[in-house]
Amino acid sequence: MDVIEFIDAARMRHDAHVAPSEVKVEELQSNRHNHELNRSTRFKKRKMDEMARLSNKMIGFGVPGVPVPPMVINRNLPHYIRGPPYFYYENVALTPKGVWSTISRFLYDIEPEFLDSQYFCAAQRKRGYIHNLPTNNRFRLLPIPPTTIQEAFPLSRPWWPAWDTRTKLNCLVTCVGSAPLTERIKIAVEKSAENEEPPSHIKKYVMNLCKKWNLVWVGKNRVAPLDPSEMELIMGFPENHTRGGGIGNTKRYKLLGNSFQVDTVAYHLLVLKNLFLGGINVLSLFTGIGGAEVALHRLGIPLKNVVSVEMSKTCRIVVQSWWEETNQKGKLIHVPDVREVTEHILKKWISEFGGFDIVIGGSPCNNLAGGNRVSRDGLEGQHSSLFYEYYRILQSVRHLMRAS
């Protein structure tokens with residue numbers, strides 16, 4: 001698992017920065033840095049040991065109800081890394097070997113915060129985050145959403161067998177179980193159960209499929225996949241966020257499976273609320289269906305100017321519809337490709353808006369996710385190499401804002 005590997009790599013570079021391996025993006029080669037950490041070796045070893053323990057539990061730099069040592073909460077970032085501009089980068093936690101170490105080296109040697117969204121909703125979602133946001137005084141977004149399957153879907157309780165002990169769904173992905181699959185489960189349970197529980201091998205068979213496809217009980221011996229509206233609930237989006245406008249259910253599953261979990265992101269971004277009472281300027285890279293924007297809105301932070309960079313036309317439609325339906329008063333600019341975000345246009349936006357307060361996004365995980373058995377090529381993959389565009393744009397924003 002790359003989470004543990006990142007900790008091991010961090011232990012090996014206590015005092016010296018390790019230069020990143022060569023990348024294909026030529027513009028990045030001159031931006032390599034050699035930042036030396038000035039904390040004592042003893043303190044670093046203690047902190048790395050603590051990070052290894054926390055990463056195993058996927059509680060990041062702390063979650064509500066779980067105590068975390070002060071050395072982790074009150075991290076002391078070097079002055080030149082601190083915001084504004086703030087930045088926030090997200091991707092899947094479990095990646096091919098070396099990925100998170102490389103991402104960390106490019107993003108100023110900041111330690112990733114590995115966090116599972118099961119602490120904020122009714123589904124697991126293991127993600128890594130690198131950011132320069134404050135980590136103290138973080139609170140959950142209210143109202144607190146359902147955090148168990150039973151709370152999220154109370155109508156399933158009469159049909160839920162005692163031998164299905166799940167309280168959390170697995171990570172919601174871009175596809176769901178088929179109708180023939182659910183029919184096979186129904187037949188298997190009915191044939192074996194009669195008036196008693198199914199035998200252990202049938203229960204194991206059913207449970208494996210229910211966990212793999214996130215199936216819930218909807219009737220006697222009947223299971224079904226979540227519908228898109230139920231996924232919206234789990235992921236923290238408003239009802240019907242992805243519905244309508246010619247978007248079918250198959251597409252909705254894909255959009256939601258690739259999105260941020262809003263309550264988790266809001267937990268991180270809450271610290272911005274008192275810093276930007278008059279509104280915030282956001283450069284949103286790989287926007288998707290607007291998870292970060294929805295989180296900021298739910299936190300009550302006015303969106304003054306948002307530049308949304310997203311290749312999918314469907315995602316742009318969803319974000320535009322949400323923007324209009326929530327009566328946003330700020331300015332929303334759509335850009336279809338991160339490679340169109342040049343230093344010239346960044347300079348224009350910075351001059352017009354007075355700078356960006358946060359650069360936020362998560363580059364495609366296509367070549368990182370464990371489910372990809374064909375092209376899991378890490379950061380050199382066709383899609384996931386776009387991480388280097390995130391870094392390029394972030395570097396340009398920081399440089400231009402320092403110069404302005």
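User: What makes strand S1 and strand S3 a pair in this predicted model?

Analyst: Two strands pair if at least two bridges are found between them. Strand S1 (residues 86–92) and strand S3 (residues 126–131) are joined over 5 bridges, in the antiparallel sense, so the pair meets that definition. Within the pairing, Tyr89 stands opposite Ile130 in S3.

User: How do you know that S1 also pairs with strand S9?

Analyst: S1 and strand S9 (residues 358–361) share 4 bridges and run in the parallel sense; at least two bridges are required, so the two strands count as a pair. Here Phe87 stands opposite Val359 in S9.

User: Which strand pairs with S9 in the parallel sense besides S1?

Analyst: Strand S6 (residues 280–285) does, over 4 bridges. Leu283 of that strand stands opposite Val359 in S9. The residues of S9 point in two directions: Ile358 and Ile360 one way, Val359 and Gly361 the other, and all are buried.

User: What is in the largest nonpolar core, and which residues have the most contacts inside it?

Analyst: The largest nonpolar core has 70 residues, and those with the most contacts inside it are Leu269, Leu272 and Ile358. Leaving aside neighbours within four places in sequence, Ile358 is in contact with residues including Tyr86, Phe87, Leu133, Leu269, Leu272 and Val282. Another core, of 42 residues, lies apart from the largest one; among its members are Val92, Tyr108, Phe353 and Leu394. In soluble globular proteins, nonpolar side chains tend to be buried together.

User: Why is the pair of Trp349 and Phe356 called edge-to-face?

Analyst: The structure holds 18 aromatic pairs. In the pair of Trp349 and Phe356, the ring centres lie 6.4 Å apart and the planes stand at 85°. Centres within 6.5 Å make a pair, and planes over 60 degrees apart count as edge-to-face. Trp349 and Phe356 are both buried.

User: Why does the pair of Phe387 and Tyr388 carry the name edge-to-face?

Analyst: The ring centres of Phe387 and Tyr388 are 5.3 Å apart and their planes stand at 65°. Since the angle is over 60 degrees, the pair is edge-to-face.

User: How do you know whether Phe387 and Tyr388 are buried or exposed?

Analyst: Buried means under 20% relative accessible area. Phe387 has 0% and Tyr388 has 2%, so Phe387 and Tyr388 are buried. Phe387 and Tyr388 also belong to one aromatic cluster, whose members include Phe87, Tyr89, Trp100 and Tyr108.

User: What makes Tyr108 count as buried, and what lies over its face?

Analyst: The relative accessibility of Tyr108 is 5%. Buried means under 20%, so Tyr108 counts as buried. Over the face of Tyr108 lies Arg398, at 4.6 Å from the ring centre. Tyr108 is found in the loop between helix H4 (99–106) and S2. Its phi is near 65°, a positive value in a residue other than glycine.

User: Where is Asn221, and what is its phi?

Analyst: Asn221 is found in the loop between strand S4 (215–219) and strand S5 (222–225). Phi of Asn221 is near 60°, a positive value in a residue other than glycine.

User: Which residues do the cis peptide bonds join?

Analyst: A cis peptide bond joins Gly83 and Pro84, with omega of about 0°. Another cis bond joins Pro84 and Pro85, where omega is about 0°. Pro84 lies in the loop between helix H3 (70–73) and S1, and Pro85 has its place in the loop between H3 and S1.

Conventions: Residues numbered from 1 in each chain as written. Predicted model: local features only at pLDDT ≥ 70, side-chain atom pairs only at ≥ 80, totals over all residues. Heavy atoms only, no water. Core = buried A, V, L, I, M, F, W, Y, C linked by side-chain atoms within 4.5 Å. Buried < 20%, exposed > 50% of the residue type's maximum accessible area, 1.4 Å probe, protein only. Contact = heavy atoms within 4.5 Å. Phe/Tyr/Trp six-rings, centres within 6.5 Å; stacked < 30°, edge-to-face > 60°. Lys NZ or Arg CZ within 6 Å of the ring centre and 35° of its normal.
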